[in-house]
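Subject: Structure for you to look at

Hello,

Here is the structure I promised to pass on. Please open it and keep it beside you while you read my notes.

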Amino acid sequence: MAPSAACPSENDSELFPSDQNRPASHRTRGPLLSSSPSLSPLPSLQPFAPGCDVFYGDNGFSPALQDFFSGPPRSTHESEAPSAPANPPPAVPMALSLSTLNGDALCQVASHIRGRDALSLALTSRRIYDFTVHRVNVALVCRTRTDLIRLHSHLLTGTPRRAVYLRSLSILGPSFIERPWQEDPNWIFPKNTYEYSLATLVGDILSAAPNLTHLLLEHCAPLLQHDPRIGSVIASMSNIIRLELRDVDDNVLPLFMDLRSRPRVLHISPVKTDSVESSRVLAVVRNILEAVAPIQQLHALDLDLKDIPGLPESKEVLPTPLPQIQHLSVHWWHPQFDVAKTFPNVAVFEQHVNSAQIRRAPQHQQSPLRRLSVTELQTFEAAKHPVHLLHLRRYPRELRAFRRTVYETSPVGIALHCFVDTPMWLKYWQQLPRAAPRLRFMDVHCHTWERRHEPGWVNNFVQSLRRYKLVCLRIVAPPPPTHDALDAPWDDVDVQTLAELPDRIAQAVPTLRYIAWAAKRRAAGGHPDDYAWYEDGYDCAPADYTWYRVERRGHRRGGCVKGGERTLRVISASEGERVRRFLLDSELDEITNIDEHLRL
C-alpha cells in the first residue's frame with residue numbers, strides 16, 4: 001500500500017548532513033532558499049487547462065519539465081525525422097510519466113530534492129504536488145526579524161503543521177536586531193542593539209519541528225534566558241545529526257546532559273568573556289565535552305574559543321578523552337587543552353586563526369594525520385608528525401619556518417598560496433623537494449609580488465619544478481595586471497608561457513600524470529556539490545579546473561611506453577574528481593604508481 005502523500009520519506013532523517021557517502025551528483029546540501037532575502041509564501045496554483053492535471057504557478061511553467069515527464073523530446077523539423085522502416089517492429093511504449101509511478105517510488109524521488117527544485121516539481125502535476133510540496137521548506141535560513149516572524153506564521157499553520165517537514169533550520173544573530181545596524185547610531189554597543197523579545201517564537205518553532213536533523217542557533221545564551229523551553233526542546237529531539245550552538249554559557253549544560261540525539265557533528269562557541277571569567281567559561285567547555293563523551297557517533301567537533309583570552313599561567317584543563325573524534329576544528333586554540341590527550345585519534349585537524357601547536361609524542365600517535373589545515377606556521381617542538389595533506393590557508397610569512405614545517409610533517413600532498421615571481425620564492429621552490437621527499441601532489445594558488453617583472457619569470461617558475469616527483473598538480477594562475485593598476489604589463493613572452501603553462505609543466509616534470517588548470521579560485525562551499533570541512537572529500541583548493549591527463553607518445557616496450565613526447569589529453573571534470581579523491585584516500589605507494597591503481 002502506498003504511503004500517505006503528505007508523509008515524508010523514511011530516509012529524510014539522513015539527508016542532512018549524513019549524505020556525504022552518496023555520489024556528489026546526488027547529494028543535497030545547503031539551504032536552497034537561503035538566496036532569497038526573505039521567506040516567500042507558496043505561489044498560488046492555477047489549472048493550466050480544463051480537465052488537465054498540469055499546473056502552473058506564479059513562477060511560470062517549465063516546458064523542459066513537461067518534456068521530461070512526457071518522454072523523449074521530438075524533433076521540431078519534419079526533415080530531421082528518420083524515415084520509417086519497411087517492416088516496423090511492434091510498437092513499444094517509450095514514454096514514462098512520473099505520475100504513473102507508485103507512491104513509494106514518488107516518495108523516494110521527492111526525498112532527494114528541496115527548496116525551489118521541489119517547488120518546480122510540485123507545480124507540474126496534482127499527484128506529484130502531494131508528494132513534493134512538503135520538501136519546499138525542508139531547509140530554511142532565518143536572517144532578519146521579518147524572516148523570523150513570517151517563518152513562525154508559515155511553519156505553525158496547516159494540518160499537519162509545516163514545521164513537521166523541516167529538516168534543517170539556521171537562525172542567525174541578525175534575526176534579533178531591532179533595526180538594521182546601518183541605521184542604528186548605537187550599533188557600536190551591541191548590547192544596545194540586540195533584543196530578544198522574539199525568543200518565544202524560536203521556542204514555538206522548535207517545539208513544532210521534532211524531525212530536525214540540523215540546527216544552527218546563534219545567541220544561544222540570551223535565548224535560553226528569555227525562553228527556557230528552547231533548551232528542553234532541543235534536548236528532547238532525537239534526530240539531530242549536526243548541532244551548532246554559538247554564544248553558549250553554563251545555562252546550556254542541562255541541554256547536553258539530557259540530550260537524546262546522537263549528533264555526528266557538533267559546533268560549540270562560548271560567549272565572549274574577559275580574563276577574569278575565562279577560567280569559568282573554559283570549565284563550561286570542559287563540562288560540555290564530558291557530557292558528550294558517551295556519544296560514540298560523534299566524529300566531528302568544531303570548537304570556537306577565540307572570545308576567551310588565553311591564560312598560560314593557568315593549570316591545564318584535561319577533559320575526558322574523546323577517542324571517537326576524528327575531525328577536529330578549532331578557532332584560537334588554548335594552551336589549557338592538550339590535543340593529543342583529549343583527542344588521541346584525530347585524523348583531520350583544522351586551525352583557523354593562530355598557528356598549529358600539536359605536541360603529540362610518538363608513543364601517543366595512533367596514525368598519521370590525514371589533513372592538517374593551518375593559517376600561520378610554527379616549527380613543531382616534538383618529533384616528526386607525518387601528514388598526508390598539509391593545507392596552508394594563506395602564503396607563509398616566514399619561509400624558513402615554512403620549509404622546517406614541511407620537513408617535519410613530510411606531507412604527501414600540499415595545498416598552499418605562494419608567490420611565483422620573486423627570486424627568494426624560486427629558491428625555496430628548488431629546495432622544497434629535499435624537505436618533502438614524499439611529496440606527490442600539490443594544489444598551488446599563484447600570486448605575484450613584483451610591480452615590474454623581468455621577462456622570463458614564468459619560465460623560471462616552470463624550471464624550478466624539474467626536481468619534483470609529482471604525480472598530480474592543480475594550479476590556479478595569477479591574475480594579470482589590469483589597465484588601471486600600478487603594476488606594469490607583463491612581457492609577451494610571459495603571457496605566451498602562461499597560455500601554454502599546462503604543456504610547459506608537463507614537459508618539465510617527468511613523473512607528472514595529471515594536471516589541472518584554473519583561471520581563478522572560488523570560495524569553499526560556493527558550489528552545491530562542495531564537501532563540508534568534516535568530510536573526507538573536502539577540497540582545500542576549490543576552483544573550476546580544466547583537467548588533463550599526461551600521455552607519452554612513443555614505442556611500447558615491456559608494458560610501458562618508452563621515449564616520445566608528452567602530450568595532454570583533456571579529461572572530464574568527473575574523471576578529475578576521481579583523481580582528486582584517489583589522491584586523498586590512497587597511500588604513498590598507490591599514488592606513486594597511480595597508473596596501476598586508477599583506471600579512468
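Helix α5 covers residues 145–155, and its buried residues are R145, D147, L148, L151, H152, H154 and L155. Please note that this is a predicted model.

Now take α5 with α6. Their axes come within 10 Å and cross at roughly 35°. The crossing is left-handed. From α5, the contact uses L148, I149, L151, H152 and L155. From α6, it uses L201, V202, D204 and I205. Seven of the residues in this contact of α5 with α6 are nonpolar, one is polar and one is charged.

Follow the chain into the loop between α5 and β4, where P160 lies. The peptide bond from T159 to P160 is cis, with omega near -5°. Most peptide bonds are trans.

Helix α12 spans residues 399–409 and helix α13 spans residues 423–435. They pack at an angle of about 15°, with their axes 10 Å apart. How do the two helices run, roughly parallel or roughly antiparallel? The cut-off for roughly parallel is an angle under 35 degrees, so α12 is roughly parallel to α13. The crossing of α12 past α13 is right-handed. On the α12 side, the contact is made by L399, R400, F402, R403, V406 and Y407. On the α13 side, it is made by M424, W425, Y428, Q431, L432 and A435. The residues of this contact of α12 with α13 comprise nine nonpolar, one polar and two charged.

Then the aromatic rings. The count comes to eight aromatic pairs. One of them joins W429 and F461. This pair is edge-to-face, with 5.8 Å centre to centre and 70° between the planes. W429 sits in helix α13 and F461 in helix α14 (residues 457–463), so the pair ties together parts that are 32 residues apart in sequence. Both W429 and F461 are buried. Ring pairs also link F402, W425, W429, F461 and Y468 into a cluster.

Two residues are worth a look for their backbone angles. Most residues other than glycine have a negative phi. H219 has a positive phi, near 60°. You will find H219 in the loop between β5 (214–217) and α7 (220–226). S410 also has a positive phi, near 45°. S410 lies in the loop between α12 and β13 (413–419). Are these residues buried or exposed? Buried means under 20% relative accessible area. H219 is at 11%, so H219 is buried. S410 is at 13%, so S410 counts as buried.

F256 is found in helix α9 (residues 253–257). Its relative accessibility is 3%, so F256 counts as buried. Which residues does F256 contact, leaving aside its neighbours within four places in sequence? They are L243, L245, L266, I268, I288, A291 and V292. F256 and V292 are 36 residues apart in sequence, yet 6.8 Å apart in space, C-alpha to C-alpha.

Last, the whole protein. There are 19 helices and 20 strands. Of the 600 residues, 49% are buried. Among contacts between residues at least 6 apart in sequence, 66% join residues at least 24 apart.

Best wishes

Methods
Residues numbered from 1 in each chain as written. Predicted model: local features only at pLDDT ≥ 70, side-chain atom pairs only at ≥ 80, totals over all residues. Heavy atoms only, no water. Buried < 20%, exposed > 50% of the residue type's maximum accessible area, 1.4 Å probe, protein only. Helix = DSSP H or I, 4+ residues; strand = E, 2+ residues; numbered from the N terminus. Axes fitted to C-alpha atoms, helices over the stretch in contact; angles between N-to-C directions. Parallel < 35°, antiparallel > 145°, perpendicular 65-115°, else oblique. Left-handed = near helix turned anticlockwise from the far one by under 90°. Contact = heavy atoms within 4.5 Å. Nonpolar A, V, L, I, M, F, W, Y, C, P; charged D, E, K, R; others polar. Phe/Tyr/Trp six-rings, centres within 6.5 Å; stacked < 30°, edge-to-face > 60°.
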